[in-house]
Amino acid sequence: MLIKVLAFASFREILGKERKLDVNEGATVKEVLAILASSCTGFKVAAFEDSDELMDYVLLMINNKRIESPRDLSRSLHDGDELAIFPPVAGG
């Protein structure tokens with residue numbers, strides 16, 4: 001199945017603005033993040049702890065709805081879903 005991954009701010013510089021991933025049917029958010037981390041060490045360093053846990057400040061959305069980490073990382077994705085990944089944002 002195909003999903004779309006959108007990266008924002010500093011994650012966009014690492015992963016690119018948008019990429020389509022062909023993943024196994026029923027792949028979870030955690031599995032998709034692991035695929036991204038294994039294919040791009042810069043993303044792994046920026047988004048994951050040394051223990052391979054996603055850093056608390058990473059914001060995730062599926063189809064424009066925010067999900068809670070780590071509880072929703074086991075959520076299954078579906079064909080055509082859009083996963084958005086945001087680093088911490090500071091403003092002033």
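The model is predicted, so local features need pLDDT of at least 70, side-chain atom pairs count only at pLDDT 80 or more, and totals for chains, interfaces and linings use all residues. Residues are numbered from 1 along each chain as its sequence is written, and side-chain values use heavy atoms, with hydrogens and water left out.

Start at strand S3, residues 59-62. Strands here are DSSP runs of E with at least two residues, while helices are runs of H or I with at least four; both are numbered from the N terminus.

Which strands pair with S3? Two strands pair if DSSP finds at least two bridges between them. One partner is strand S5, residues 82-86. S3 and S5 run antiparallel, and four bridges join them. Strand S4, residues 65-67, is also antiparallel to S3, with three bridges. Look at Ile62. In S5, Leu83 stands opposite Ile62. In S4, Lys65 stands opposite Ile62. S3 and S4 form a hairpin, and two residues lie between them. Asn63 sits in that turn and has a positive phi of about 50°.

Now turn to charge. Side chains of opposite charge can pair when their charged atoms come close. A salt bridge is counted when a side-chain nitrogen of Lys or Arg lies within 4 Å of a carboxyl oxygen of Asp or Glu. How many salt bridges does this rule give? The count is three.

Take Glu82 and Lys4. Their closest N and O atoms are 3.9 Å apart. Glu82 lies in strand S5 and Lys4 in strand S1 (residues 2-7), so this pair ties together parts that are 78 residues apart in sequence.

Lys4 has 26% relative accessibility, so Lys4 counts as partly exposed.

Asp52 and Lys44 form another salt bridge, with the closest N and O atoms 3.4 Å apart. Asp52 is partly exposed at 43%. Lys44 is partly exposed too, at 36%.

Asp72 and Arg71 also meet in a salt bridge, at 3.5 Å from N to O. Asp72 is buried because its relative accessible area is 19%. Arg71 is exposed, with 63%.

How values were computed:
Buried means under 20% relative accessible area, exposed over 50%, partly exposed in between (1.4 Å probe, protein chains only).
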